[in-house]
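Please look over the structure shown below before reading on.

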Amino acid sequence: MSVRPLTHSEVQRAYGAPWTGIGGIFFGLQGLISYITWNKLNMHQNMIPNRKAFMQLTFLVGGGYIFGSTLAYLFFRDTELERLYKVHWVDKRMQVFNDLKFEK
């Protein structure tokens, strides 16, 4: 384990935050817009008229969110911080940090 632990914001940065959330919301909204367009709906109609429409809406919005988050994760993650976080996590689980002595 290194001298200082990673902060919460560094761990989030390792996994691509805030861009993973933004990408998920963007592609989820894109799925909602696609659903509304393909079913020719407007604001005065029922959004989910039958069970098939519910499955289609769930697939488009949920799939869009997962796709957007994954795409943003692949582009914006910090692999070195991610590796360091995983090393810290393993050291903490194995309780190696109790055996390490840092001399100054």
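This is a predicted model: local features need pLDDT of at least 70, side-chain atom pairs count only at pLDDT 80 or more; totals for chains, interfaces and linings use all residues.

Tutor: Residues are numbered from 1 along each chain as its sequence is written, and side-chain values use heavy atoms, with hydrogens and water left out.

Student: In what order do the elements run from the N terminus?

Tutor: Helices (H or I, at least four residues) and strands (E, at least two) are DSSP runs, numbered from the N terminus. The protein has 4 helices and 0 strands. The order is therefore α-α-α-α.

Student: Against which element do the buried residues of α3 pack?

Tutor: Buried means under 20% relative accessible area, exposed over 50% and partly exposed in between, with a 1.4 Å probe and protein chains only. The buried residues of α3 include L57, L60 and G64. With contact meaning heavy atoms within 4.5 Å, these buried residues pack against α2.

Student: How many residues apart in sequence are the parts that the pair of F27 and F67 ties together?

Tutor: Rings of Phe, Tyr and Trp (its six-membered ring) pair if their centres lie within 6.5 Å; planes under 30 degrees apart count as stacked, over 60 as edge-to-face and the rest as tilted. F27 and F67 are edge-to-face, at 5.3 Å centre to centre and 80° between the planes. Because F27 lies in helix α2 (residues 19-38) and F67 in helix α3 (residues 51-76), the pair ties together parts whose separation in sequence is 40 residues.
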